[in-house]
Amino acid sequence: MTYGVPVTYSGYSNLSLGWDDCVKACYSNINCIPFLSYTEPYWTLPTCPENFTLFSREKGYWCLKLALQDTCLDRNQSITACANTYGGIMSGIENKEEFNFLADESIELNKEISDGYAAYFLWVNGDRKSTCMPPKKQSASCNGTNEFTFTDPTLSSNPQGYVWLDSQPDGLEHPTTPPANCLCLKCNTNTFCGIDDCSCVSSSKTGSSGYCFKGYACGVQLQLF
């Protein structure tokens, strides 16, 4: 630990925490100064895992990666891959900055398609609420992002990063079988780019309009290395 005091502040509280719990508490508070960890002879700053990008959220810092697979995956397979490969969870999209990051990565990915698919899509966090299922129609309580629940632990209650494609989500107005109960990112070009509600069991489709769910947004919290 090092010594330091804030120049200006309003109020404070004392916490009786061990070192590990203190670090975790700081990670979850965006106003907390990141801790240093000392293991002789090095000082270590908390950081994101390799190839993850750090974003600042109201509920804490968040490390985000667009993770890709060799095969096409449905939503549950993507959740498992994120957990097993990176120790993470499928990430939500907190703000426009995070959306632009994922969109830019997706557009570049779609430029490299060479396996016969017309487009690559990507899974993001979000499950349709049981209270917003067909035959219910769109309403004030089921209209856009509030049609879905999220398991991303640092996502705010009203995330602004879900930039929808035109007329989406449409799972209530135009029900499908299987139902469109999950969320995906479709960014083929700068002019076709946004969030859509998709069937959770979709993984690929062949043909001239074929697609492959090539990856997912995976997130982890800051770690000490």
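Biologist: Hi! In which sense do β6 and β8 pair, and over how many bridges?
Modeller: β6 and β8 pair in the antiparallel sense, over four bridges. Two strands count as paired if DSSP finds at least two bridges between them. Strands (E, at least two residues) and helices (H or I, at least four) are DSSP runs, numbered from the N terminus.
Biologist: What kind of model is this?
Modeller: This is a predicted model, where local features need pLDDT of at least 70, side-chain atom pairs count only at pLDDT 80 or more, and totals for chains, interfaces and linings use all residues. Residues are numbered from 1 along each chain as its sequence is written, and side-chain values use heavy atoms, with hydrogens and water left out.
Biologist: Back to β8. Which residue is the bridge partner of Asp127 there?
Modeller: That's Cys182.
Biologist: And how is β8 joined to β9?
Modeller: Through a hairpin of five residues. β8 and β9 run antiparallel, with six bridges, and Cys187 has Cys193 of β9 as its bridge partner.
Biologist: Are the faces of β8 covered or open?
Modeller: Both are covered. Cys182, Cys184 and Lys186 are buried on one side, and Leu183, Leu185 and Cys187 on the other. Buried means under 20% relative accessible area, exposed over 50%, partly exposed in between (1.4 Å probe, protein chains only).
Biologist: Why is β8 called largely enclosed?
Modeller: Because six of its six residues are buried.
Biologist: New topic: which residues of α3 are buried?
Modeller: Among them are Phe99, Phe101, Leu102 and Ile107. What covers the buried residues of α3 includes β6 and β8.

Conventions. Contact = heavy atoms within 4.5 Å.
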